[in-house]
Amino acid sequence: MVAMDGELYLEVYELHANYVKCPVETSVSLYLLNYLKITNNVFFLQVDKSPGMTSYHMTLSDCQFKLLTKGELNQIVGNCRLPAFLLVQEHYCVAGLCAVLRQIVKASGESNKWLLGFREATMAACAEVSLWTRLGEVDLPQAVEEVIKSNSDVVTIPVHIVRFEKHLEQPLRTHNVQKFDQLKENCDDKILKPLYAEGFSMTLADLVILFYIHVFLQATEKSVLEHIPHVSKWYSLMMSESKVKKCFDVFKSYPKTFSSNSKIEYRVPEVSNSNLYRKEPKRYKPKSKVFTDQNEVDSLINMINEIDFGIGVDELPYGHEVPVDWDSIPFHAQPEGGHLPQKRLLRKQQQLENLMKAVIKIARDGDKIVDFCSGGGHLGIAIAYLLPKCSIILLDNKEKSLSSAKERIAKLGLQNTVIIQSNLDYFIGKFQIGTSLHACGVATDLVMKSCVDSKAAFVVCPCCYGSLKDNHVLEYPRSQLIAKSKLSPRDYLILSHCADQVHGIEYSKSSQGEKCMASLDSDRLLYAKENHYKVFISKLVPKSCTPKNNLLVGIPIPTI
């Protein structure tokens, strides 16, 4: 058995003598624990099963677990949707299925790190960027869920399984050119194809995909594999390894088992021939768009001028009177403590100072402050040092950036700061102030929505206006007033595109960009006002510290 360095927190619906009924995320986690022979440091939180959700029945075997109530949950973990993984001594929590699975592998010891692939990059990026992560965290769980719930004798093979089939048909992609040439010399087929998801070696991605495909095969007859021959070959290869096959012993029963009395007709959806290394193909790429001509932009700006946003721009930023003395702040709490190049240091300090002053003015002793999209923690760590009676959460989904923040926190000996590695949608904690510096595009609106949902104040400086686009969480325009105006979806797209054309006074379209940028941020603040906030907008000082220099501040108005 392998000892796991860290604590794993999972949800269960029901706990029985030797098995649990649980959601799919818990099931995948227990399956990986079984593969890695891990039995320690598992904590269960019993939750109510949502109507319509599938329950997985998993055996506990030698698993040493502790059942917790919500009140007994670790405070850091309580900020996250489970599953979550806690590195206790480092005050570092990881949330999100694939990120947690990666952490389980890392915590099981050096001997298992090969599962993380080349440069330990397998499923490292978030689902919005990595198709592998999205496949294991979103697409395949949803696809298999639909098959489990279906009672039809006609089954369309999930499109994401077919995409994996097409991926396995593509030429092998390898990072070692010399090794690739050697392989070709010893192979009759001049076009090498991958044996596993990412090449000739099994990775965590294979184990995660295998889980869902195996469950899918239990709910259908094995003849389905005739329609996906490359997946069939891969599946046989995976299951030929006794350790892999044995990890399915953790299932007490499958959510759905094929009835031999049934005869299923299969349909294979059309899917493009491409691999799964690329970023999300439907992800918005503003630079690849052709928007409009100047006459259309001029017409739109005239339309904007007719809208009364009712929000004045302050001459000085909120909190400008609060003193901040950089000389009194320790090296590792300053931007250069994160190894920022000297030429950018002054501008970075100026950017941070504007947000720090606003946060300090709003904060009260005991407040919980979240630095969203924190990266290396330049903003949050400085705030943590200046507000020792407040608790600070650094939230970001990038493990590499947060490792730098973790080192700086340790060197400063800060006791009021914790780190959560997760996407915004996995963060469910309550807090009093949320802040973000240059959270790209939609991320700023997700931050503001988090603040509004928590009735918390916000201090944000937006960035990347050109990537604003509706998603599964929010829509544009943000405010009811602008949504009811004459602005069409295309108008909003033009507006966001032009708002990124701000590069300084020497650029001919900067004034136009400033107008568009102000309009979009006014729409954001109107959304906050409609949710009972007092709002402020101003420019960072000096304006030259960054082209994206709007400071938006919102303070919730107490309800009587």
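Does arginine 119 count as buried or exposed, and at what relative accessibility? In this predicted model, arginine 119 counts as exposed, at 73% relative accessibility.

**View A. Two loop residues with positive phi.** Arginine 119, found in the loop between helix H2 (97–107) and helix H3 (131–149), has a positive phi of about 55 degrees although it is not a glycine. Asparagine 41, likewise not a glycine, has a positive phi of about 60 degrees and lies in the loop between helix H1 (24–36) and strand S4 (42–46). Asparagine 41 is partly exposed, its relative accessible area being 30%. Most residues other than glycine have a negative phi.

View B. Leucine 82 and proline 83 are joined by a cis peptide bond with omega of about 10 degrees, and proline 83 lies in the loop between strand S6 (65–68) and strand S7 (84–87). A cis peptide bond with omega of about -5 degrees joins tyrosine 476 and proline 477, the latter in the loop between strand S17 (457–463) and helix H14 (480–483).

**View C. Packing of helix H4 with helix H7.** Helix H4 (residues 159–169) packs with helix H7 (residues 229–239) at an angle of about 85 degrees, their axes lying 8 Å apart, which makes H4 roughly perpendicular to H7. Ile161, Phe164, Glu165, Leu168 and Glu169 of H4 make the contact with Pro229, His230, Val231 and Trp234 of H7, and by class these are six nonpolar, one polar and two charged residues.

**View D. The surroundings of glutamate 514.** Glutamate 514 lies in helix H16 (residues 510–530) and is partly exposed, with a relative accessible area of 22%. Leaving aside neighbours within four places in sequence, glutamate 514 is in contact with Val502, Lys539, Lys543 and Asn549.

Conventions. Residues are numbered from 1 along each chain as its sequence is written. This is a predicted model: local features need pLDDT of at least 70, side-chain atom pairs count only at pLDDT 80 or more; totals for chains, interfaces and linings use all residues. Side-chain values use heavy atoms; hydrogens and water are left out. Axes are lines fitted to C-alpha atoms, for helices over the stretch in contact, and angles run from 0 to 180 degrees between N-to-C directions. Helices (H or I, at least four residues) and strands (E, at least two) are DSSP runs, numbered from the N terminus. Angles under 35 degrees count as roughly parallel, over 145 as roughly antiparallel, 65 to 115 as roughly perpendicular and the rest as oblique. Contact means heavy atoms within 4.5 Å. Ala, Val, Leu, Ile, Met, Phe, Trp, Tyr, Cys and Pro count as nonpolar, Asp, Glu, Lys and Arg as charged, and the others, Gly among them, as polar. Buried means under 20% relative accessible area, exposed over 50%, partly exposed in between (1.4 Å probe, protein chains only).
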